[in-house]
Amino acid sequence: MRELPQTICEHGIEYVLADGYYLPQLSVPQTRIGHYGRLHREYLKAQRPVLYQTLFQSGRLWPYLEALDQQAHQRQRLLIEKYAEQECVTERLKAEDPMAWVGAMENIPSRVEEVILQELIYQ
């Protein structure tokens with residue numbers, strides 16, 4: 001009987017021989033994904049499991065989530081600036097009526113969060 005090689009590589013995935021079976025050598029990269037990346041990962045697991053498994057097995061899941069998280073944070077910064085400008089929430093308002101400024105500035109991020117969740121996370 002012929003001896004099996006310890007490792008083989010097919011379709012870009014490395015397999016290791018363990019107890020007569022070839023098991024995929026999958027590893028999770030040590031990248032950090034933020035709040036939006038984690039939310040999208042949970043969405044993919046629950047609502048799009050085939051896409052989640054495809055991304056995970058191909059090793060593209062973590063870079064994808066990291067990029068999406070960065071994109072969401074950039075969009076968040078831009079939208080907060082845009083909403084503040086549209087609603088005239090300026091340094092002048094802050095000096096003249098600090099309570100109105102605080103109220104407006106606390107309202108804007110929650111609305112921006114809803115936009116980001118709808119546009120990027122739960123698409």
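First, a term: helices (H or I, at least four residues) and strands (E, at least two) are DSSP runs, numbered from the N terminus. This is a predicted model, in which local features need pLDDT of at least 70 and side-chain atom pairs count only at pLDDT 80 or more, while totals for chains, interfaces and linings use all residues. Residues are numbered from 1 along each chain as its sequence is written, and side-chain values use heavy atoms, with hydrogens and water left out.

On confidence: pLDDT is the predictor's confidence in each residue, from 0 to 100. The chain has a mean pLDDT of 89, and 97% of its residues reach 70 or more.

The expected span of a helix is 1.5 Å times one less than its number of residues. With 13 residues, α1 reaches 18 Å from its first C-alpha to its last, close to the 18 Å expected.

Which residues of α1 are buried? By buried I mean under 20% relative accessible area; exposed is over 50%, and partly exposed is in between, with a 1.4 Å probe and protein chains only. The buried ones are Tyr36, Gly37, His40, Arg41, Tyr43 and Leu44. Seen down the axis of α1, these buried residues fall within an arc of 160°, so they line one face of the helix. That arc is taken from the directions from the helix axis to the C-beta atoms. Their cover includes α2 (49–58), α3 (61–86) and α5 (98–121).

Arginine 41 is one of that buried set, at 18% relative accessibility. Counting contact as heavy atoms within 4.5 Å, and not counting residues up to four places away in sequence, arginine 41 touches Ile33, Tyr52, Trp62 and Leu65.

Next, the strands. Two strands pair if DSSP finds at least two bridges between them. Strand β2 (residues 13–18) and strand β3 (residues 21–24) run antiparallel and are joined by four bridges. Alanine 18 stands opposite tyrosine 21 in β3. The hairpin has two residues between the strands, and aspartate 19 takes a positive phi near 55° there.

Last, salt bridges. How many does a search of the whole structure find? Five, where a salt bridge is a side-chain nitrogen of Lys or Arg within 4 Å of a carboxyl oxygen of Asp or Glu.

One joins lysine 45 and glutamate 42, at 3.8 Å from N to O. Both lie in helix α1, three residues apart, about one turn of the helix. An α-helix has 3.6 residues a turn, so residues three or four places apart point the same way. Lysine 45 is partly exposed at 40% relative accessibility, and glutamate 42 is partly exposed with 40% as well.

Another is between arginine 75 and glutamate 119, at 2.9 Å, N to O. This pair links distant parts of the chain, with arginine 75 in helix α3 and glutamate 119 in helix α5, 44 residues apart.

Then there is glutamate 87 with arginine 111, whose closest N and O atoms are 2.7 Å apart. Here too distant parts of the chain are linked: glutamate 87 is in the loop between α3 and α4 (91–96), arginine 111 in helix α5, 24 residues apart. Finally, salt bridges that share partners join Arg41, Glu42 and Lys45 into one network.
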